[in-house]
Amino acid sequence: MKIALIAHDEKKDDMVRFTEAYQYSLEKHELFATGTTGLRITESTGLEIHRFQSGPLGGDQQIGAMVADNNMDMIIFFRDPLTAQPHEPDISALMRLCDVYSIPLATNMGSAEILIHALERGDLKWREIIRDKKG
Ligand SMILES: O=C(CO)COP(=O)(O)O
């Protein structure tokens, strides 16, 4: 599965803890991240991650392009709901595309836990079927 990991600055420590806790599960998948989030995760876990641009420089849009191309299976995005982001339109666009393409998106730790367990249980296998139909 292709999984994107994104966290706003105030949530990066949470993302690091989350990926440390679920490293055993995440390492079985192909990981993507916005620039700084990916760097923080790799530094603390050693997980191999394809890093896009930083969010404000277009990273959310790059991940959105993968969604639009039916090439992303799940997104964990720890958003900061208390801080204004300069690239708010990009963030909204990414979440909108997840809804357009029914891509599982967790925007906080509580829902991310559920998604990870669903992933481990095989609940996201339907994505492989849909992805293989691409073309
Ligand atoms: O801003 C972000 C997502 O909207 C995250 O970007 P960084 O991971 O580069 O901090």
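**The sheet and its neighbours**

Let's start with strand S1, residues 2-7, which runs parallel to strand S2, residues 30-33, with four bridges joining them. Before I go on, this is a predicted model: local features need pLDDT of at least 70, side-chain atom pairs count only at pLDDT 80 or more, and totals for chains, interfaces and linings use all residues. Residues are numbered from 1 along each chain as its sequence is written.

A quick word on terms. Helices (H or I, at least four residues) and strands (E, at least two) are DSSP runs, numbered from the N terminus. Two strands pair if DSSP finds at least two bridges between them.

Leu 31 has Ile 49 in S3 as its bridge partner, and Ala 33 stands opposite Arg 51.

So what order do the five strands take? It's S3-S2-S1-S4-S5, an open sheet with parallel pairing. S3 and strand S5 (105-106) are at the edges with a single partner strand each, so one side of each has no neighbour in the sheet.

Now the helices. S2, helix H3 (residues 35-45) and S3 make up a right-handed β-α-β unit; right-handed means that, with the strands pointing away from the viewer, the path from the first strand over the helix to the second runs clockwise. H3 lies across S1, S2 and S3, at about 150° to S3. Helix H1, residues 12-21, lies across S1 and strand S4 (74-78), at about 145° to S1. Those angles run from 0 to 180 degrees between N-to-C directions, with axes as lines fitted to C-alpha atoms, for helices over the stretch in contact.

**Annotated positions**

An unreviewed UniProt entry puts a "binding site" feature on several residues, including Thr 36 and Gly 55. Such annotations may be inferred rather than shown by experiment; positions are in the numbering used here, and feature names are shortened.

Is Gly 55 buried or exposed? Gly 55 is buried, with 27 other C-beta atoms within 10 Å. The cut-offs, with C-beta atoms placed from the backbone: 20 or more others within 10 Å is buried, 12 or fewer is exposed, and in between is partly exposed. Thr 36, in helix H3, has 19 such neighbours inside 10 Å, so Thr 36 counts as partly exposed.

Gly 55 is in the loop between S3 and helix H4 (59-68). Leaving out residues up to four places away in sequence, Gly 55 touches Ile 6, Thr 34, Asp 60 and His 87, where contact means backbone-placed C-beta atoms within 7 Å.

Notes. Two residues are in contact if their C-beta atoms, placed from the backbone, lie within 7 Å.
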